[in-house]
Amino acid sequence: MIFPTPEEYTVLVLSLKVGLLCVVISLPFAVLLGWVLARKNFRGKLILDGLCHLPLVLPPVVVGYLLLLLLGRRGFLGQILNDWFGLQIAFTWRGAVLAAAVVGFPLMLRAVRLAIESVDPRLERAARTLGANPLRAFFSITLRLAAPGVLVGSLLAFARSLGEFGATITFVSNIAGETRTLPLAIFTYINQPDGEAAAARLVLLSIILSLGALIASEAIARKMKT
Amino acid sequence: MLTLCVHRQLAEFTLQIDVTCTYPVTAIFGPSGCGKTTLLNLISGLLRPDSGQINIDDTILFHAEKGIDLPPEKRRIGHVFQDDLLFPHLNVRQNLLYGYQFLAPSERKFHPDAIIDLLELNTLLDRLPNLLSGGERQRVALGRAILTSPRLLILDEPLTALDQELKDRIMPYLRHIRTDLGIPMLYVSHAIGEILQLTGQVIVLNRGQVLAHGDFFSIAHQPKILPLIEAHGFENVLPVEVIAPNRVQYNNQTLHIPPCDRTSGTHIFIGIRANDIILCRQRPAGLSIRNALSAQVLDIVETQGRSLVYIDVGKRLAAEVTPEAIEELALKIGDPVICLIKTHAIRIGPDVS
C-alpha cells in the first residue's frame, strides 16, 4: 500500500529523470547568461534580459506551442534534427526535458545572476594580477563564491520541472512511460471515473518531492554560506 | 626600472604620464582623485591605456603601436589593493598560495615559509579572512602578492584603511620587503609622512599630470607642490645629523627625537606636521617639551579657516596656529619667535643621500 505500484514507479522515475536532465542542460547556459547579464553592459541587454524571462510570464501552453512549431516534425529545427540525425524531440521524453528546461530557466538564471552580482568584481581582478587567467579566476573565485546561489537556482528549476504541466502536455502530449510525468499522471487519474484515490497518492508524492527539494536547497545554501 | 609613457582619457581629466622609475622604491604622491589608482591599474593591466607604452626592465607590458598588451596574469606585477581584497572563501594559507600555485617551480623566488615568517602569519594560517583584523588582512595581502615573485610590487594606499597604531606596525614589514627581499616597489599614498619612511623618491601627481618627479626634499618647496602637501597636513622636513640614538642636531640646535636605529653621524630627514608646532614669544620655563628652536616669522597666510605661519629656523617651516592666537601674540612678519615641537611629533625620515 505504501510502496508505489509499477505504474507509479515509472511516473516517479520519469519525473526525476526529466527534472535532473533539465537542470544539467540549463546550468551551463544559466551560468554563462547570468555572468553576461551581471557583468557586461551592451546594447540590447534589456531585450536579452526580457527574452530570458519571457517563459516566466508566458502561459506555459504558449511556450509548449511555440516549441511544437519550432521542433515538431514539420517545424524548422525539428525537420533538420529529424532528417540529419534521426532525432525526434516532440512527443518524446527529450521534449519533456526541453519543455521543463525552458520553463524553469528564468528561475535558475535569476538566482545565478543575483549570486554573481553579489560577488565583488574586484576579487576577480585581484585573482588576475595574481596570475590566474580569466577562466580560472571566474571558476575559482566568482563562481565558487556564487555557488550557493547557483545551487538554489538549480533546485528551483528542478522543483519547477516537477510541476511542469502546460508546456509539456502541449509539446509532447501525455504518453504513458514516455512523457507522462507526475502532474500529467495526476491529470490523467482525475479524468478517470474512479481514479481519485490513485490521484491522491500521486498528489502526496508530489508534495513530498517538492518540499524535499526546497528544504534541501535551503539547507545546502545555509551550509555553504558558513 | 619601470618606464611609463601612457595616456588615458578619464571622466574628469586626462591621465598623461611620462616617467621612469629607477629607485628600489618610488612613491606616487597626490591628493585623492588625482589618478593614482588609475595609473596602478594601467600598470597591472586591469585598465588599458588609450595610447603609449609601459616597459619593465626588458619586457614590454604594453605598446599601443605594436599592439602588445600583456594580460594581467602575464605581467608578474604584485598588486596590493587599498582594500586588501582577500578571497573570503579561502583561509589565510590558501590565500597566500593562490598566486604561488600558478608559478612554475623555477619561477618561485620565495619560499612560502620564509614569507610567512617575515610577515609573522604563522598563527593565522587556518583562519578565514573575516576573522582577521585590518592589519592582519593587509599583511596577508602583502604576502599573497610577494609569493607571486613579482617583478614589481605596486601598493595602492595599503595603510589608508588602518588606524595610526596599525600603520606604525605594518611599516617595518614594508621596510623589510624593500631591504631584504629586493623587490622594486611603487608605493602610492596621499600621506607624505608614510612615504618618507620608505623612500625620498617621489612622483607628485595632480589631475592626471606629473607635477614633479625626484627627490622629495628638492621638490617639496616648489610653489606648485607645496599647496598639495599643505592640503594634507603640511609635513615640514628638515635635514639633520644624528648625534645620539634620540638626539639630532640642526644648525647648532639640538632636537630630541623618538629613538631611532641610525648611527651617530648619519644625516637623515625628519618630518614635523604643521599642527604639531607651537609658537611662543619667550623661551618658556618648566615645560615638558624638550625642543625649542629660535625662529623668525617669514609670512602669515590665512586660507579656508586655517592660518599658517611660515617661520625661518634656517629653513622654512610652516606652523598651524589659530587666527585668535596670531592676534593674541600680535605676530608680525620679522618677529622673533620660539617654536616648540613635542619629541613624539617628530617623524623619522630616510637618510640624506
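How much area is buried between chain B and chain A, and what percentage of that area do carbon and sulfur atoms give? In this predicted model, the area buried between the two chains is about 1700 Å², and carbon and sulfur atoms give 69% of that area. The size of an interface is often given as the accessible area lost when the parts come together.

**The interface**

The contact draws 21 residues from chain B and 19 residues from chain A. Across the interface of chain B and chain A there are 2 salt bridges, and one that is found between these chains joins the side chains of Arg128(A) and Glu73(B), with an N to O distance of 2.7 Å. Polar contacts between chain B and chain A, with both residues at pLDDT 80 or more, come to 4 residue pairs. On the side of chain B that touches chain A, the elements that give two or more residues are α2 (72-75), β7 (77-80), α3 (92-100) and α5 (134-146) of chain B. By class, that side of chain B has 12 nonpolar, 6 polar and 3 charged residues.

**Chain A and its helix pair**

The secondary structure of chain A comes to 10 helices and 0 strands, and the C-alpha trace of chain A spans about 70 × 45 × 30 Å along its principal axes. Within chain A, helix α3 (residues 60-71) and helix α4 (residues 76-85) have axes that come within 4 Å and cross at roughly 50 degrees. The two helices, α3(A) and α4(A), are therefore oblique to each other. In their contact, Leu69(A), Leu70(A) and Leu71(A) of α3(A) meet Phe76(A), Leu77(A), Gly78(A) and Leu81(A) of α4(A). The residues of this contact between α3(A) and α4(A) divide into 6 nonpolar, 1 polar and no charged.

**Salt bridges**

Over all chains the structure holds 16 salt bridges. Side chains of opposite charge can pair when their charged atoms come close.

Where along chain A do Glu218(A) and Arg222(A) lie? Both of these residues, Glu218(A) and Arg222(A), lie in helix α10 (residues 196-225) of chain A, where they are 4 residues apart, about one turn of the helix.

Methods
Residues are numbered from 1 along each chain as its sequence is written. Chains are lettered from A and ligands numbered from 1 in the order in which they are written. Side-chain values use heavy atoms; hydrogens and water are left out. Contact means heavy atoms within 4.5 Å. Buried area is the accessible area (1.4 Å probe) that two parts lose on being put together, summed over both. A salt bridge is a side-chain nitrogen of Lys or Arg within 4 Å of a carboxyl oxygen of Asp or Glu. A polar contact is a pair of N or O atoms within 3.5 Å; within protein, one must be able to donate a hydrogen and the other to accept it, and residues adjacent in sequence count only if both atoms are side-chain atoms. Ala, Val, Leu, Ile, Met, Phe, Trp, Tyr, Cys and Pro count as nonpolar, Asp, Glu, Lys and Arg as charged, and the others, Gly among them, as polar. Axes are lines fitted to C-alpha atoms, for helices over the stretch in contact, and angles run from 0 to 180 degrees between N-to-C directions. Angles under 35 degrees count as roughly parallel, over 145 as roughly antiparallel, 65 to 115 as roughly perpendicular and the rest as oblique.
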